[in-house]
Amino acid sequence: MTGFEKPPEINADGKPRSTISGTVYYIIFWEPADKSGDRGVVHPDHIASVKALEKDGRLLQAGPFLGDDGKPNGYGMFILRVGSAEEAHAIARADPYYANGFRTYRLQPWRRSEGSFNLRINIAEGSVTLD
């Protein structure tokens, strides 16, 4: 345990109660660094890295923050499903934007406590919708 996890609640039968509330995630807040140069050069490597994190189950959500014009403004966020802050830092340091000096980051542990989402899987159409 990292000290952030909520201890499992125990049912009357002595077994842990199943819950998704209390799960700890690590959020990386990305910020643009002062380095000049063509950030687009490392963008394909960044996308490949993001897809690898998603494929191996460590990335819950990711994306850019938007300016008032609706376009990415250079800031962004990853929500990671990892076991420790050290693992989250390693992921951040390995990101091509960070490794090449184009971004800085701040890491913040976060405990999910409330909220909801809808997931619809349509087998016939082969589609998945997340709202």
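Which residue in β3 is the bridge partner of isoleucine 28? In this predicted model, that partner is phenylalanine 78. The description below uses numbering from 1 along each chain as its sequence is written. As the model is predicted, local features need pLDDT of at least 70 and side-chain atom pairs count only at pLDDT 80 or more, whereas totals for chains, interfaces and linings use all residues; side-chain values use heavy atoms, with hydrogens and water left out.

The protein chain contains three helices and six strands, arranged along the sequence as β-α-β-β-α-α-β-β-β. Helices (H or I, at least four residues) and strands (E, at least two) are DSSP runs, numbered from the N terminus. Of the 131 residues in the chain, 23% are buried, where buried denotes under 20% relative accessible area, exposed over 50%, and partly exposed the range in between (1.4 Å probe, protein chains only). Among contacts with a separation of 6 or more, 60% are between residues 24 or more positions apart; a contact requires heavy atoms within 4.5 Å.

Strand β3 pairs with β1 and also with β2. Pairing requires that DSSP find at least two bridges between two strands. β1 and β3 run antiparallel and are joined by five bridges, while six bridges connect β3 to the antiparallel strand β2, residues 59-66. Within the latter pair, leucine 59 faces leucine 80 of β3, and leucine 66 has proline 72 as its bridge partner. Five residues lie between the strands of the β2 and β3 hairpin, in which glycine 70 adopts a positive phi near 80 degrees.

The largest nonpolar core comprises 15 residues, of which Tyr26, Ile28, Phe78 and Leu80 touch the most other members. Such a core is a set of buried Ala, Val, Leu, Ile, Met, Phe, Trp, Tyr and Cys residues joined through side-chain atoms within 4.5 Å. At least two core residues are supplied by each of β1 (24-32), α1 (43-55), β3 (72-80), α2 (85-94) and β4 (103-111), with the largest share, four residues, coming from β1. Beyond its neighbours within four places in sequence, isoleucine 28 contacts Gly76, Met77, Phe78, Leu80, Ala88, Ile91, Ala92, Tyr105, Arg106 and Leu107.

Proline 32 also belongs to strand β1, but is partly exposed, with a relative accessible area of 30%. Residues up to four places away in sequence aside, proline 32 touches Arg39, Gly74, Tyr75, Phe102 and Arg103. The C-alpha atoms of glycine 40 and tyrosine 97 are separated by 9.5 Å, across 57 residues of chain.

The second largest pocket holds about 240 Å³ of space. Of its 15 lining residues, His43, His46, Pro64, Tyr97 and Arg103 are the closest to its centre. On a 1 Å grid over the protein atoms alone, a pocket is an open set of points where a 1.4 Å probe fits, with protein on both sides within 12 Å along at least five of seven lines, and lining residues have an atom within 4 Å of a point. Grid points are joined across faces, edges and corners, and the volume is the space filled by probe spheres set on the points. α1, β2 and β3 each contribute at least two residues to this lining. The lining consists of eight nonpolar, five polar and two charged residues, where Ala, Val, Leu, Ile, Met, Phe, Trp, Tyr, Cys and Pro count as nonpolar, Asp, Glu, Lys and Arg as charged, and the others, Gly among them, as polar.
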